[in-house]
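User: I'm new to this one. Could you walk me through how to read it?

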Amino acid sequence: MTSDLAGLLFLAVFALLIPGAALAIPALIAPKGTVDLTPYESGMKPVGSARLRFSVKFYLVSLLFIIFDVEVIYLYPWAIRLRDLGWPGFFEVVMFVVILGVGYLFILKKRALDWD
Amino acid sequence: MQLLAERIATWLGMEGLPRQAVVAGVVLVVALVVATVVLTIAGILTWAERRVAGRTQSRVGPNRVGPLGFLQWVADGIKLITKEDVIPAAADRTLFRLAPYPVIVGIFAAFASVPFGQKLIAADLNVGVLYLMAITSLVVVGVLMAGWASNNKWALLGGVRSAAQIVSYEVPSVLAALSVVLLAGTLSLQGIIGKQGGWPWEWYLFYNPFTFVAFFLFFTSAVAEGNRTPFDLPEAESELVAGYNVEYSGMRFAGFFLGEFANVYLLSAIATALFFGGWQIPGVTPDMQAASPVWQAVGVGLFALKAGTGAFVVLWLRWTMPRLRVDQLMGLCYRYLLPLSFAMLLGNAAYVWLVPQWAAWVVQGATTTVGLAVAGVFVRRVFYHIRHVGDDVSLDLARGESGTFDPQLQVRVYGAFRRRHAGDSAS
Amino acid sequence: MTATIFILLAALAVLGAVLAVLLPNAVHAAMALIVMLVATAGIYLLLSAPFVAVIQIAVYAGAIMVLFLFVIMLMNVELRIPLRRWTLVAGTVAGGLFLYQTVHLLRGVMDDQARSGADGFGSAHEVSSVLFAEYVVPFELVSVLLLVAIVAAVVLGKREAA
């Protein structure tokens, strides 16, 4: 286990170093100061700040999908032992999904994820 | 959890050297190999995309560098390395520099657990499927970082759209993969492949109607997660120029770009492992394959073929489908994909319990027959239309040497063909 | 070897946490928090709990941090929050108390229980056998909790255009 872990850790470190090296090459050979450094807006002068305030819908989308994400994670332990857990496990999960199904219907009813 | 590097280190032995140093050395080699493989696959796919695009739009595509323009991606890579790494004056310099890392590392680490062959896997994790889902979610962080750090309106909008899209579509894709996990009873990708067989009727794709639908759910949401057309709103050229990576240039841009293309192959590879039997060869048991290097090589080739076909379909989709609108995008995910994938999951579970073995075989046979028939009809229609477009599918054309290539003529011929068959339901 | 890895990961986690508090820019702080979360996932892996480690990355780094970043960007918070003296003092006191409490609690269990589990301890298999046998009721209650969260999110985030 430990040596496996050490392997994974080395892999993680190299996963950072290899792209790092690839990104470092241009620093040595690429030209510098050849272009205009203003934000690109198809050649127009940028108007106002780029720190836009965007729609609250994005927030709602990510919030709701995190909830579903968490729900799915709960289903993983069940899925890999479906055969051991049998009917009781199945009905436990069905109940779990049905309760969240109510929430899903609520979202549908309120049209919360509609992009209008 | 079994690491290829660890096995090689044990096999090498290397008495006298500190063991951790040997492991580190072998891991470095494996990591370099994985990196090379990822880069090569992504590079070849960028070439393939342009060829497919050319073919689909009746033009030639890159054909100057190497045979059929195959080395175009190498030329592009060299060009990108020699380009200036532009950091806009308004950008947040630190985050701007760091943003490509989560994307590259996420994709790269995911490839470490892709089962290219029975023994060709860098790390066969016992939480394989979940690991893939988790590690690729680092991409979201990179995309948001890039969008925000660029300090550009389009980059920010693209990054935010992309993040919202990836987070949303992750749910149906994970659920669809769960349908397979349920049947296999393991999260390890090698374990899942081991439960399938080489023949199409032994694949999980045709196991029952639920898995058949689950595959399409998985594929659709995986394409959406990769921000590929028809789900490429985050990059929408016509409105956001290039989305979150609009300010990037040189190698940093290449990082995002290669990440996207490596992701295309990754999703096809995962689909191959989950639904198409991975490296299993028809008529050859895993034990026979383990014993013979020749069968091993055939298995690796078969996996590459299946995953390559999947990647081709993704590229093909891009040049065939128009882009979705933002409201359609969310609607598709939460009105259709989400409930359907839940239904497929519970359906699969109930199927395991309710259907006796003999009936399961009948269902499997029927699903295979219907599935292959549908695929056959589809392929026939495609070739039917290609034939009537007015040019033939010859690769000579690709060299630009054939004298018969005339887009104008083609449009006229195909237009006449469509008018003649206007009433056909099939067209 | 295990100890070395643990110290590295722990140092990374602490560094991330400290930076998350100290960095004046909210987006930078969120990024530091991600580093902390990933390092914690590494520590879970070290405790032979790969399932938990993977979930940590998937849920926290992949989903919840996206939400955090959305909120920061959405509210367009004042990008430079000055570190006032009283926040520093209050933070130190609260953190110190929490540290004292944690150390106090852990001292009792340090010797006999706090080691990494046997093989397969934190695997998905083990989690499921506990979750669906002993903790069925909490499991079902989680769905109720999530339901409440859905309703709350919709009510707060979606104002009816009256």
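**Confidence first**

Analyst: Helices are DSSP runs (H or I, at least four residues), numbered from the N terminus. This is a predicted model: local features need pLDDT of at least 70, side-chain atom pairs count only at pLDDT 80 or more, and totals for chains, interfaces and linings use all residues. Residues are numbered from 1 along each chain as its sequence is written, while chains are lettered from A and ligands numbered from 1 in the order in which they are written.

User: What is the mean pLDDT of chain A?

Analyst: pLDDT is the predictor's confidence in each residue, from 0 to 100. Where it is low, the predicted coordinates should not be read in detail. For chain A the mean is 77, with 79% of its residues at 70 or more.

User: Which element gives the largest share of the side of chain B that touches chain A?

Analyst: Contact means C-beta atoms, placed from the backbone, within 7 Å. Here 66 residues of chain B are in contact with 52 of chain A. The largest share of chain B's side, 14 residues, comes from α8(B).

User: How do α8(B) and α15(B) cross?

Analyst: Two packed helices are described by the angle and the distance between their axes. The axes of α8(B) and α15(B) come within 9 Å and cross at roughly 15 degrees, so these helices are roughly parallel to each other (angles under 35 degrees count as that). Axes are lines fitted to C-alpha atoms over the stretch in contact, with angles from 0 to 180 degrees between N-to-C directions.

How values were computed:
Two residues are in contact if their C-beta atoms, placed from the backbone, lie within 7 Å. Helices (H or I, at least four residues) and strands (E, at least two) are DSSP runs, numbered from the N terminus. Angles under 35 degrees count as roughly parallel, over 145 as roughly antiparallel, 65 to 115 as roughly perpendicular and the rest as oblique.
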